[in-house]
Amino acid sequence: MSLRPRLLRLSLALALATGLATAASAADPSAASTQPASAPQTSAQQASTHRPLLWKVSDADNSLYLLGSIHVLKPGDYPLSTDIDAALDDAEHVMFEIDLPSMAAPENLAMIQQTMMAADGKILSARLSPEARTQLETLLKASGASLEQVDPLDPWAINLSMALGIMQAMGFQADAGVDKHIDARARAAGKSLGALETIDDQFAALDGGPMGEQVAGLEDFLSDPKKTVAMLDLLHRAWMTGDVDTLDKTLRADLERESPETYRLVNVARNDRWIPLLEARLKQQTSDDTLAVVGAMHLLGSDGVVEKLRARGYTVERVCSACAADKAQ
């Protein structure tokens, strides 16, 4: 079986985990609990083993740091690379995909929950094969829920709810994610903040995915949920070690090859909308450096923000002190 549905689900879950767990738990009784996690604690005595996905884009006046994040992490993954600390210290302005606190606004939670519902009114169980329907019902019963409770949802919604539940069972926490961590530090330091898109933009990418791919992703998960655990371990290790090649192949290239329309919606189209906003930060007449924190997939490959900015003539270099030290050994 192709890994495409599983990679698609994990790519989207990792890309949208910040805030989605709250919405999923409110809309779907089968979703895992999402109690807020304690903020990651760092220690000056603890050496970081993290190799960041961090690039510096420069013109004559300003610098733009691009940090490829993973929106769910384990508290024990901290501290992250000191390269990230230096980029944050250097930046006067910090940008995220969305305004993170707005995810908790009642009106936005209501919008997210509505988006998770099937617009055509067709129930979830009617979209699934008999085998997948039985597998789903078994999983739901084990968690104290029923098929009838999730029937109004689109396949992507229950799919991501389950993926997030597995992440939480493995110790990943949205509140320990890179975005939340940097957002809190930037606010404490009095940095100016910005967003590259709205919550509506982000969830339109999810809800716009072809129904066939949504169903395939859910049925793939139901066939063997344990495969998701192995895939998450792989993605987590690759991100922590700064393994661009593995992340590109696992998060981006397979999705592009197997699901071109979904790839266009969740990656290429959003990257293209972000480029003018990021470039505007570089073109400012005053010295005003920026740190932009986006999901790692958005920085990878020829369709990624890094290569798109390099193609526009900007100087681009990867920032990874530990990587350089590794090569010197």
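I looked up H298 first: at a relative accessible area of 1% it is buried (under 20% relative accessible area; exposed is over 50%, partly exposed in between; 1.4 Å probe, protein chains only). The model is predicted, so I note that local features need pLDDT of at least 70, that side-chain atom pairs count only at pLDDT 80 or more, and that totals for chains, interfaces and linings use all residues. Residues are numbered from 1 along each chain as its sequence is written, and side-chain values use heavy atoms, with hydrogens and water left out.

**Entry: surroundings of H298.** I placed H298 in the loop between β5 (290-295) and α14 (305-311). Helices (H or I, at least four residues) and strands (E, at least two) are DSSP runs, numbered from the N terminus. Leaving out residues up to four places away in sequence, I find that H298 touches E97, V266, N267, R270, N271, W274, G304 and V305 (contact: heavy atoms within 4.5 Å). With N267 there is also a side-chain polar contact of 3.3 Å. For that term I used a pair of N or O atoms within 3.5 Å; within protein, one must be able to donate a hydrogen and the other to accept it, and residues adjacent in sequence count only if both atoms are side-chain atoms.

**Entry: strand β1.** I checked burial along β1 (residues 54-58): four of its five residues are buried, so the strand is largely enclosed by the rest of the structure. Strand β2 (residues 63-69) pairs with β1 in the antiparallel sense over five bridges (pairing needs at least two DSSP bridges between the strands). These two strands form a hairpin, with four residues between them. β1 also runs antiparallel to strand β6 (residues 315-318), joined to it by four bridges. I followed V57 to both sides: its bridge partner is L64 in β2 and V316 in β6.

**Entry: disulfide.** My search of the whole structure gave one disulfide (cysteine sulfur atoms within 2.5 Å). C320 and C323 form it, with their sulfur atoms 2.0 Å apart. The torsion about their S-S bond is about 70°, so the disulfide is right-handed. I found both C320 and C323 buried.

**Entry: nonpolar core.** I listed the largest nonpolar core at 88 residues; L66, L136, V178, I182, W239, L278 and L291 have the most contacts inside it. Helix α7 (residues 155-169) supplies the largest share of this core, eight residues. The term covers buried Ala, Val, Leu, Ile, Met, Phe, Trp, Tyr and Cys residues joined through side-chain atoms within 4.5 Å. Beyond four places in sequence, I see L291 touch residues including L54, Y65, L67 and I182.
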